Amino acid sequence: MVIGCGVIGLTTAIRLREAGLDANIIAAALPPDTTSSVAAAIWYPYKAYPEDRVLAWGKHTFEEFVSLSALPESGVRMREGVEVYRRPVPDPWWKDAVPDVRRCTKEELPPGCRDGHTFTVPIIEMPVYLGYLMWRFAAAGGSVEHRAISSLEEVGSRMVVNCAGLGAREIASDERMVPIRGQVVRVRNPGIPRFILDEDNPEGLTYVVPRSQDCVLGGTADEGDWNLEPDPETSASILRRCAELESKLEGAEVLEHRIGLRPGRPEVRLELEELPGGLPCVHNYGHGGSGVTLSWGCAGEAVDLVREALGRPV
Ligand SMILES: Cc1cc2nc3c(=O)[nH]c(=O)nc-3n(C[C@H](O)[C@H](O)[C@H](O)COP(=O)(O)OP(=O)(O)OC[C@H]3O[C@@H](n4cnc5c(N)ncnc54)[C@H](O)[C@@H]3O)c2cc1C
């Protein structure tokens, strides 16, 4: 049984079914009410650790998304864009996972920026993509039970896979799990083709992620903040900062304000554990700001751990 119906639970459950295992899902919240539904979402390793494992999972996931981008119904599309800085920077540490990273020319940099990289990565339109994953899971014979559990032991099955994101703080008694609150503004896309990431903006994390009809504008990353109410001043500041990076956004029609609590942890937890009653459990949670970016890589490793626990060849 898989706990969780965010991007991690769905991807893991699909991989388990595709490996011939009888996986079903229990979840307290379903799309569009999960953190995964709020994600921008761009392939980009952010606030997830340790770097060596993140790079391997990210590489695997990148390749999977390249394949999915051939299916319009998946909501995955390859797009070119930039990450920009106000100071000279070295090559990105994740460069090995992305084929076409190069330094920006002066013309590619927004006003006030001195350095940056341009590259092509998958943009994953989450409302479409999560619908696609739900469909793929159901087509593989999987079912989803909509309910909350209060402990992993209460799940009546011979194996549990914990993909509860921030919920692992309660059900796995993991106090290392902390929310990293993200606020975004969704606006109608005024014809912007490229993404822009501006992490060292002195006024706060700023990004523009264009999708088919809208753009996700961010953002914030407030550790330890559980507040689910959008703050109007923060929204105004996000809109202003994004319009400074991309002038086409001036006066863009606002569609929605959203909050998501990223499942923060000093390290992603992807391991096999025997629960006190003897039930084997594979944990797959704590992906911070990179759950989408790491989803297929982590799901593959989770399947290997499930096979190990069931005594089947990996
Ligand atoms: C503003 C914002 C922008 C982001 N942008 C990106 C991006 O561009 N790229 C990227 O890779 N990542 C991004 N992220 C991060 C990404 O959204 C998360 O890492 C990812 O969604 C985590 O997925 P998850 O499946 O672990 O968690 P969730 O989506 O939170 O799913 C957890 C599931 O577990 C269930 N659950 C929890 N507790 C219980 C319980 N007790 N009983 C039953 N079910 C339970 C929940 O109901 C839910 O179904 C962003 C996040 C935010 C907030």
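Predicted model: local features only at pLDDT ≥ 70, side-chain atom pairs only at ≥ 80, totals over all residues.
## Basis of the model

Local features are given where pLDDT is at least 70 and side-chain atom pairs count only at pLDDT 80 or more, while totals for chains, interfaces and linings use all residues. Residue numbers start from 1 along each chain as its sequence is written.

## Overall form

The chain has 7 helices and 15 strands. Both are DSSP runs numbered from the N terminus, with helices (H or I) of at least four residues and strands (E) of at least two.

The C-alpha trace spans about 60 × 40 × 35 Å along its principal axes. With 314 residues, a compact globule would have a radius of gyration near 20 Å, and the chain agrees with its 19 Å. That radius is taken over C-alpha atoms, and the globule rule is 2.2 Å times the number of residues to the power 0.38.

## Surroundings of the ligand

The shell around the ligand holds 44 residues, of which Gly6, Gly165, Gly167, Gly260 and Gly291 come nearest. A residue counts as near if its C-beta atom, placed from the backbone, lies within 6 Å of the molecule. Elements that give two or more residues to this shell include helix H1 (7-18), helix H7 (291-309), strand E8 (178-188) and strand E13 (254-264).

By class, the shell has 24 nonpolar, 18 polar and 2 charged residues. Here Ala, Val, Leu, Ile, Met, Phe, Trp, Tyr, Cys and Pro count as nonpolar, Asp, Glu, Lys and Arg as charged, and the others, Gly among them, as polar.

## Helix H7 and its partners

The axes of H1 and H7 come within 8 Å and cross at roughly 40 degrees. Axes are lines fitted to C-alpha atoms, for helices over the stretch in contact, and angles run from 0 to 180 degrees between N-to-C directions. H1 and H7 are therefore oblique to each other; angles under 35 degrees count as roughly parallel, over 145 as roughly antiparallel, 65 to 115 as roughly perpendicular and the rest as oblique. Their crossing is right-handed, meaning that the near helix is turned clockwise from the far one by less than a right angle, with anticlockwise being left-handed. Residues of H1 in this contact include Val7, Thr11 and Arg15, and those of H7 include Gly291, Trp296 and Val303. Two residues are in contact if their C-beta atoms, placed from the backbone, lie within 7 Å.

H7 also meets helix H3 (51-68). Their axes come within 6 Å and cross at roughly 105 degrees, so H3 and H7 are roughly perpendicular to each other. This contact has 6 nonpolar, 7 polar and 1 charged residues.

## Helix H1 against H4

H1 packs on helix H4 (residues 126-139) at an angle of about 30 degrees, with the axes 10 Å apart. That makes H1 roughly parallel to H4, and the crossing is left-handed. The contact of H1 with H4 has 8 nonpolar, 1 polar and 2 charged residues.

## Backbone exceptions

Most residues other than glycine have a negative phi, and most peptide bonds are trans. Lysine 47, which is not a glycine, has a positive phi of about 50 degrees and lies in the loop between H2 and H3. Another cis bond, with omega of about 10 degrees, joins proline 31 and proline 32; proline 32 lies in the loop between E2 and H2.
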